[in-house]
Amino acid sequence: MAVNRKLVSTVMTIVGTAGPIVAKYLREHPEITKSVQDAVTKLLAKRISGPAGMLATIAALREQVAYLSSSADDAAETRRAQDWARTLDNLQHAAELLHDGASRREKKAVKEKVMTVRGEILAAFIAEKADDAEPRRLER
């Protein structure tokens, strides 16, 4: 199965510096492409520029963090998922406050943080999907 180049390009844009590693996971584990594509589609479904878009993105990220939490292999992964859940709680609260007439600077700051966390979580999500796919590949 060939890897969708557009998906890889989009993912690399979102995850930033982790892009080459994530692209490698996608090439080595084509069986995770569908779930990754679904996750990316949810993340990009709404524009992130306004509070409503930020909240929609945070909701999509919560699904990925829930997967990371349930699929955690050790205490460090569990702790990292819990940290992201707390970060998403804080970002949700900040995005909700933006509805009350926030300045452009405040909106930009929250948007940048959401985008940063989005990349971190998506990179971890793809890595965990690849890690979880490995045992299935070995069982064949």
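**View 1. The structure holds one cavity of 30 Å³ or more.** This is a predicted model, so local features need pLDDT of at least 70, side-chain atom pairs count only at pLDDT 80 or more, and totals for chains, interfaces and linings use all residues. Residues are numbered from 1 along each chain as its sequence is written, and side-chain values use heavy atoms, with hydrogens and water left out. A cavity is a set of points, on a 1 Å grid over the protein atoms alone, where a 1.4 Å probe fits but cannot get out. Grid points are joined across faces, edges and corners, and a volume is the space filled by probe spheres set on the points. The largest cavity has a volume of about 50 Å³. Leu-68, Glu-77, Arg-80, Ala-81, Trp-84 and Glu-128 line this cavity. Lining residues have an atom within 4 Å of a point. Helix α5 gives the most to the lining, with four residues.

**View 2. Helix α5 runs from residue 75 to residue 98.** Helices are DSSP runs (H or I, at least four residues), numbered from the N terminus. This helix has 24 residues and reaches 35 Å from its first C-alpha to its last. That is close to the 34 Å expected at 1.5 Å a residue. The expected span is 1.5 Å times one less than the number of residues. At the start of α5, a side-chain oxygen of Asp-74 comes to within 3.2 Å of the backbone nitrogen of Ala-76. Which residues of α5 are buried? They are Glu-77, Ala-81, Trp-84, Leu-88, Leu-91, Ala-95 and Leu-98. Buried means under 20% relative accessible area, exposed over 50%, and partly exposed in between (1.4 Å probe, protein chains only). An α-helix has 3.6 residues a turn, so residues three or four places apart point the same way.

**View 3. Ala-81 lies in helix α5.** Ala-81 counts as buried because its relative accessible area is 3%. Contact means heavy atoms within 4.5 Å. Leaving aside neighbours within four places in sequence, Ala-81 is in contact with Val-65, Leu-68 and Ser-69. The C-alpha atoms of Ala-81 and Leu-68 are 6.1 Å apart, and the two residues are 13 residues apart along the chain. Ala-81 and Leu-68 are also among the residues that line the largest cavity.

**View 4. Glu-96 is found in helix α5.** Is Glu-96 buried or partly exposed? Glu-96 counts as partly exposed because its relative accessibility is 37%. The C-alpha atoms of Glu-96 and Pro-51 are separated by 6.7 Å. Along the chain, these two are 45 residues apart.

View 5. Gly-53 is buried because its relative accessible area is 8%. Gly-53 and Lys-111 are 58 residues apart in sequence, yet 9.5 Å apart in space, C-alpha to C-alpha.

**View 6. The largest nonpolar core has 39 residues.** A nonpolar core is a set of buried Ala, Val, Leu, Ile, Met, Phe, Trp, Tyr and Cys residues joined through side-chain atoms within 4.5 Å. Val-11, Leu-26, Val-36, Ile-121, Leu-122 and Ile-126 touch the most other members. The elements that give two or more residues to this core are α1 (5–15), α2 (19–28), α3 (33–44), α4 (51–70), α5 and α6 (104–139). The largest share, 11 residues, comes from α6. Not counting residues up to four places away in sequence, Ile-126 touches Val-11, Val-22, Tyr-25, Leu-26, Ile-32 and Val-36. In soluble globular proteins, nonpolar side chains tend to be buried together.

**View 7. Met-12 is found in helix α1.** Met-12 counts as partly exposed because its relative accessibility is 33%. Met-12 touches Gly-19, Pro-20 and Ala-23, not counting residues up to four places away in sequence. Met-12 and Gly-119 are 107 residues apart in sequence and 8.9 Å apart in space, C-alpha to C-alpha.

Notes:
A polar contact is a pair of N or O atoms within 3.5 Å; within protein, one must be able to donate a hydrogen and the other to accept it, and residues adjacent in sequence count only if both atoms are side-chain atoms. On a 1 Å grid over the protein atoms alone, a cavity is a set of points where a 1.4 Å probe fits but cannot get out, and a pocket is an open set with protein on both sides within 12 Å along at least five of seven lines; lining residues have an atom within 4 Å of a point.
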